Amino acid sequence: MVEGWRNGLREATNSKPLFLTIYATVIIGVLVSSFYVFSAIYSPTNGSTSWLSSPPLSTAGRVHQLPQENATFQTPVVPPPPHALPSPPPEEDQGKSLGGIWVSPPKDKKMPPLETFKLTKELFGERVKDNVIIVTFGNYAFMDFILTWVKHLTDLNISNLLVGAMDTKLLEALYWKGVPVFDMGSHMSTVDVGWGSPTFHKMGREKVILIDSVLPFGYELLMCDTDMVWLKNPLPYLARYPEADVLTSSDQVVPTVIDDSLDIWQQVGAAYNIGIFHWRPTESAKKLAKEWKEMLLADDKVWDQNGFNEIVRKQLGPSVDGDSGLFYAYDGNLKVGILPASIFCSGHTYFVQAMYQQLRLEPYALHTTFQYAGTEGKRHRLREGMVFFDPPEYYDAPGGFISFKPSIPKSLLLDGKHTIESHFTLVNHQMKQIRSALAIASLLNRTLVMPPIWCRLDRLWFGHPGTLVGSMTRQPFICPLDHVFEVNIMLKELPEDEFGPGIGIREYSFLDNPSLPKQVKESWLDVQLCQEGKEGCEATNITSPSGVLKFPKRSNEDTFKAIFSSFNDVKVIKFSSVEDAFTGFSDKGREDRFRRRVKSYVGIWCCEENKTPGHIYYDMYWDEKPGWKPVPPQTPEEDHPPV
């Protein structure tokens, strides 16, 4: 590109009068643009927040909180990407009315009538830029996911987006937050509908109807599920394939390429995933959308993704050419490309394999597939990756936090083969420490920052040899919390008379999150366990000159309360270890309720090959059962969580 500029300048100097005129014009333009940019940076903002105060998210997971009400974000003027997207139709004048995002309407303004938000070409045209519109949709139960989705895009200086509201509660909430929204006319419930439910399938049909409705507008449509986030601007990447009718993500877990090329379609055996896919308004794409819609409306038992795969795979191949990675599909005319799973990541390629890290690539997107524990599991995964936007109070919980440094012998982590037995030995060792930390958190009424959990084996829904053959899963690896624990149960409000007081938890990356406020970062107490009777080891609230509190192992409830009541104002108490730290609750009823609670927290590992059933239950109190071994249930009567 630099050489191209040089050649252009050389040619221009051969016609000096014309060159000087152009040169003077360019210089004046640069000066005017510079004046505009510096004015935007340094001029008073009347209390509003400029886009500069909201730095873009890096792929390392740097996050910050959602903008406050009435904050104003100014989008900088940026040059078009090197691979420019197709120009809009001549009669369209897109982008002129592209309003700001996160700019709340005035407090005294009334909510516009519902008809204002109706899905029309004009409404979409107000948000289109370079003929592209980026869309997600959902109901009020996914409000925080939607805000996270929008915030990632605006951090990337992308504003040509729209959110489809499936209920009026979400529509109104987004409108008052300054998020571009339209009414999908679904009149859906505002609660979490649950994966696989009839209402879930209805949501899938709404997606297909939406695609079929929007393509005739003539705009390119980047359609996204709400449980994904953008980590890098995808539009220049999509523009690299202008011939593609559809570019889709997939559930591929084995890499087919090691760079940022499209996945090799002949080697992709997994399903095409419709959580991230890009449509161009071609006749082939419109025909596909229409047939897909008619299929789903004719049979309410067909899952939208299965229907898409069935139709597209009617014909696969040949390749469109030898270089692009595109191929013909569906009716032989549709040109399709499969986005590389290494950088348009699933929950497996991102959280389990960390494929993009191993290949030294920058991820564009993260979709929380291949996970457990429902919506709560998805939210926790994004929090572990520090890519979920939470309100400020999440980072400063009442009562403060406790954390601890896990103690793991090298032999448990690295020695021997990676087997079911060695996996459970490793996880059980960590689980016992987590059990102790949960008890201390409950006793001190603090929120527990969960530790990272090391696993030797992957968790899936079917029998496997420990990891997926051909994948880049390293052993051992830090596994997501939902691989071992039932995150949805941990976050659920359980009856206190049966399970004792609730215990708040935070993700293992919590204390590294840039959103952690200063008053939490600077309020810290290090606790070092010691052997009672040794010099300097006694129950006291006096810290060392370096600020460390020595605390005797095997302390009882009264000792914990007496010592740590002096530190109620400290935000974070960090234990060097929790092994043998606490002897248990003095009240038997409280102990029983605690045990009942934490027993419900653990899940299963899945699954041993050639066994039915092949899953094995984790047991929070495995160490109290002599001869305990990790084996699948032997009879139907045994197939239940440990008691």
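This is a predicted model: local features need pLDDT of at least 70, side-chain atom pairs count only at pLDDT 80 or more; totals for chains, interfaces and linings use all residues.
Local features need pLDDT of at least 70, side-chain atom pairs count only at pLDDT 80 or more, and totals for chains, interfaces and linings use all residues. Residues are numbered from 1 along each chain as its sequence is written, and side-chain values use heavy atoms, leaving out hydrogens and water.

**Exercise 1.** Describe the aromatic pair of Tyr372 and Trp461.

*Solution.* Start with the criterion. Rings of Phe, Tyr and Trp (its six-membered ring) pair if their centres lie within 6.5 Å; planes under 30 degrees apart are stacked, over 60 edge-to-face, the rest tilted. The whole structure holds 37 aromatic pairs. Next, check burial (buried is under 20% relative accessible area, exposed over 50%, partly exposed in between; 1.4 Å probe, protein chains only). Tyr372 has 8% relative accessibility and counts as buried. Trp461, at 48%, counts as partly exposed.

**Exercise 2.** Find the charge that sits over the ring of Tyr372.

*Solution.* Apply the test: NZ of Lys or CZ of Arg within 6 Å of the ring centre and within 35 degrees of the ring normal. The charged end of Arg459 sits over this ring, 4.0 Å from its centre.

**Exercise 3.** Which residues of α8 are buried, and which are exposed on the other side?

*Solution.* List the buried ones: Ser284, Ala285, Leu288, Ala289, Trp292 and Leu296.

Definitions and conventions. Helices (H or I, at least four residues) and strands (E, at least two) are DSSP runs, numbered from the N terminus.
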